[in-house]
Amino acid sequence: MQPDGVSRRHFLASGGALVAGSTLPDWAEIVQTGPSTDAARTEAAEVALAEAATLGASYADIRVNRYRRESIATREQQVQNVSRSASYGMGLRVLVNGAWGFAASNRVEVATARTLAAQAVAMARAHAALATARVVLTPTDVVKTSWTSAFRRDPFEVPLDTKLAFLLKLNATAMAVPGVSFVSSQLLFVDEHKYFASSDGSRIAQRLVRTYPQFTTTAADRARGDFQSRPVVDRAQLVGYEYVEDYPWFADAEKAGHEVVEKLKATSVTAGRYDLVVDPSQLFLCIHESVGHSTELDRALGYEANMAGTSFLRPADAGRLTFGAPIVNLVADRSQPGGLATTGYDDEGVKADRWHLVRDGVFVDWQTTRELAPLVGQSRSHGCLHADSWASVPFPRMPNVSLQPAATEVTRDELCSGITRGLLIEGRGVSSIDQQRYNFQFGGAVIREIRNGKVGAMVKDAAYQSRTPDFWASCDGLGGPASYRLWGTSADGKGEPGQINAVSHGCPPARFRNVTVLNTASAS
C-alpha cells in the first residue's frame with residue numbers, strides 16, 4: 001500500500017531519483033584518475049616531446065585530455081538511468097622518416113611519457129620501412145594560448161534534481177496531449193579539457209562544453225496494431241545548461257505530442273514527383289551525408305572507406321564540378337557559434353578556419369589537414385584533424401558544414417507559396433546513402449502536403465530520392481537569414497577502429513523542384 005497522496009508514477013519517479021542519487025559517484029571521485037595539476041600535465045608533455053626528438057622524431061605532438069560525461073534518461077515519470085564517467089590520459093604522435101607512430105596511456109607522468117616516446121618512435125620506424133610515400137606537413141603558426149567555448153552555466157555544477165525535474169516536466173507536458181502513449185527523454189552533457197603541445201612550439205589549452213537535450217513522443221493505436229513516433233533530436237549545441245533553461249522545450253514537447261497523434265491518423269503518401277520544401281530540421285542531415293562526407297579529402301583519395309565509404313568527388317573536381325544550382329553556397333566552419341565541431345584549434349594546433357566547399361553552385365575546396373593539404377597543392381591546412389579521445393589516433397574529421405541563406409528575408413511560407421503540388425518535410429526519418437555519397441533517400445518525422453501554395457494535411461511513409469548533384473541542382477529557393485537554424489549530431493562515426501565526432505550543420509528551409517518521392521511502406 002502506498003502512502004496517502006502518492007501515485008504509482010510519483011513513487012517510481014522519486015524512487016528512481018533516490019537510487020540514482022545514492023549510487024551516483026560525485027565528480028570529485030570520478031575525475032581523480034591521475035595527477036591533475038597543470039604543472040604535472042605540462043611536465044609530462046615536455047618530457048615526451050624531448051624524448052621523441054632524442055630518439056629521432058622529426059616532429060612530435062602530444063594531447064593531454066580529460067573528458068567528463070553525464071547522461072540522464074527518463075520515460076514518462078520514471079528515471080531510467082543516470083550515469084557519469086570521466087577519462088584522463090595522453091596520446092603522443094611522432095613522425096620518423098616520413099611515417100607516423102602513436103602511443104597512449106592513462107598515466108600522465110614523466111616515466112610514462114618516456115615510455116610512450118620509445119613506443120611511438122619504434123612504431124614509426126616500422127611503418128617507415130613499409131611506406132611507399134613520405135608524410136609532408138604544411139606549416140602552421142606557433143601558438144601559445146588558451147580557448148574556452150562560450151557558455152553561461154556549467155551543466156556539471158547543476159544539481160541532478162534540477163535536471164530530473166526538467167525531464168519529468170517535459171515528459172508530463174507531452175503526455176498531457178490526448179492520444180500520446182509514451183514519452184522518453186534524455187540529457188547528455190560533455191566537458192572536454194584539452195592540452196596540446198608540439199615540437200614546433202605550440203602550447204594550447206582548450207575547454208569545450210556541449211549540451212544534448214532530446215526526446216521522443218509515441219502514439220499507439222492498439223486496435224489497429226499501429227504506432228507512430230515523433231523524435232525531437234539533433235539539437236545539441238556547444239553551449240552550457242542555459243540551453244536547457246532558455247529554449248522553449250515545453251512548447252516543443254506539446255507540439256510534438258499533437259504531431260504524433262496526427263501522424264497516427266495520416267494517410268500514406270502517393271509515390272511520384274513532387275516539389276519539396278525541406279525544413280532545417282531535416283535538411284541538415286542531407287547536408288551531412290551528401291556534402292559533409294563527400295568533401296572529406298581522405299575519402300576522395302581512397303585513404304578512408306570505413307563507416308561511410310569513399311566519395312564520388314575526385315581531387316581534380318575542385319574548381320570545376322557543378323555541385324548544385326548557382327544559389328547553393330556551402331561553407332565549412334570550425335568557428336561557428338554553438339557548432340558541435342567548433343573549436344579554437346584542431347588537434348594539430350591549426351587555428352579554426354572558415355571556407356567555402358561549394359561557391360555559387362561549384363565545388364571549390366576540400367576538408368584538409370596538415371598532411372592532406374599538400375596532396376591537392378595547398379600550402380595551409382583548414383584545421384580538420386580530430387580525435388575523440390586521448391587514446392585515439394587523430395585523423396581527418398568533418399567541420400560544421402552549412403548551407404548559406406538567401407541575402408534577403410524569405411520565409412518558409414513564401415517558399416511553399418510557389419508550389420502547386422508538393423511536400424513540406426521536417427525532422428529526421430529513415431534514410432540511406434550509397435558508399436560514394438551519391439545516391440540517397442531521406443525520410444522525415446513530419447511530412448505535410450502542399451497544395452496550391454498552402455500547407456495542409458499530414459502524410460506518412462514518404463522519402464525523397466535523388467543523386468547528390470541532381471538534388472542540389474534542383475534547389476531554386478532559400479529561406480532568408482532569420483530562418484537559418486543550426487542542427488547537429490553527436491554521433492558521426494568514421495574510421496576503423498571507429499571514432500565518434502560531434503558536428504553541426506546550419507541551413508535555412510530550402511525548396512527543391514521535381515524530386516522523386518517514394519512510399520517507404522510499399523517499397524518494404
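Helices (H or I, at least four residues) and strands (E, at least two) are DSSP runs, numbered from the N terminus. What you have here is a predicted model, where local features need pLDDT of at least 70, side-chain atom pairs count only at pLDDT 80 or more, and totals for chains, interfaces and linings use all residues. Residues are numbered from 1 along each chain as its sequence is written, and side-chain values use heavy atoms, with hydrogens and water left out.

Let's start with helix H3, residues 38–54. Ala40, Arg41, Ala44, Ala45, Val47, Ala48, Leu49 and Ala52 are buried in H3, where buried means under 20% relative accessible area, exposed over 50%, and partly exposed in between (1.4 Å probe, protein chains only). An α-helix has 3.6 residues a turn, so residues three or four places apart point the same way. The buried residues of H3 pack against strands S1 (59–75), S2 (78–96), S5 (182–198) and S6 (203–221), as well as helix H4 (110–130). Just after H3, Gly56 has a positive phi of about 115°.

Next, the cores. A nonpolar core is a set of buried Ala, Val, Leu, Ile, Met, Phe, Trp, Tyr and Cys residues joined through side-chain atoms within 4.5 Å. The largest one has 51 residues, and Leu283, Leu403, Leu423, Tyr464 and Trp472 touch the most other members. Helix H8 (residues 280–292) gives the most to this core, six residues. Another core, of 30 residues, lies apart from it and includes Leu160, Val180, Ala256 and Val261.

Now for the pockets. On a 1 Å grid over the protein atoms alone, a pocket is an open set of points with protein on both sides within 12 Å along at least five of seven lines, and lining residues have an atom within 4 Å of a point. Grid points are joined across faces, edges and corners, and a volume is the space filled by probe spheres set on the points. The largest pocket holds about 840 Å³ of space. Its lining has 32 residues, with Trp100, Glu371, Pro394, Phe395 and Pro396 nearest the centre. Strand S3 (99–105) supplies the largest share of that lining, three residues.

The second largest pocket comes to about 520 Å³. Of its 22 lining residues, Arg235, Tyr247, Asp279, Arg485 and Trp487 are the closest to the centre. Strand S7 (226–232), helix H7 (249–265), H8 and strand S23 (485–494) each supply at least two residues of this lining, and H7 has the largest share, with four.

Finally, some loops. Arg397 sits between strands S14 (395–396) and S15 (400–403); this arginine is buried, with a relative accessible area of 1%. Leaving aside neighbours within four places in sequence, Arg397 is in contact (heavy atoms within 4.5 Å) with residues including Glu296, Asp492 and Lys494. Most residues other than glycine have a negative phi, and most peptide bonds are trans. Asn97, in the loop between S2 and S3, has a positive phi of about 55°. Asn452 also has a positive phi, near 50°, and is exposed, with a relative accessible area of 63%. A cis peptide bond joins Glu496 and Pro497, with omega about 0°; Pro497 is in the loop between S23 and strand S24 (499–507).

Key
On a 1 Å grid over the protein atoms alone, a cavity is a set of points where a 1.4 Å probe fits but cannot get out, and a pocket is an open set with protein on both sides within 12 Å along at least five of seven lines; lining residues have an atom within 4 Å of a point.
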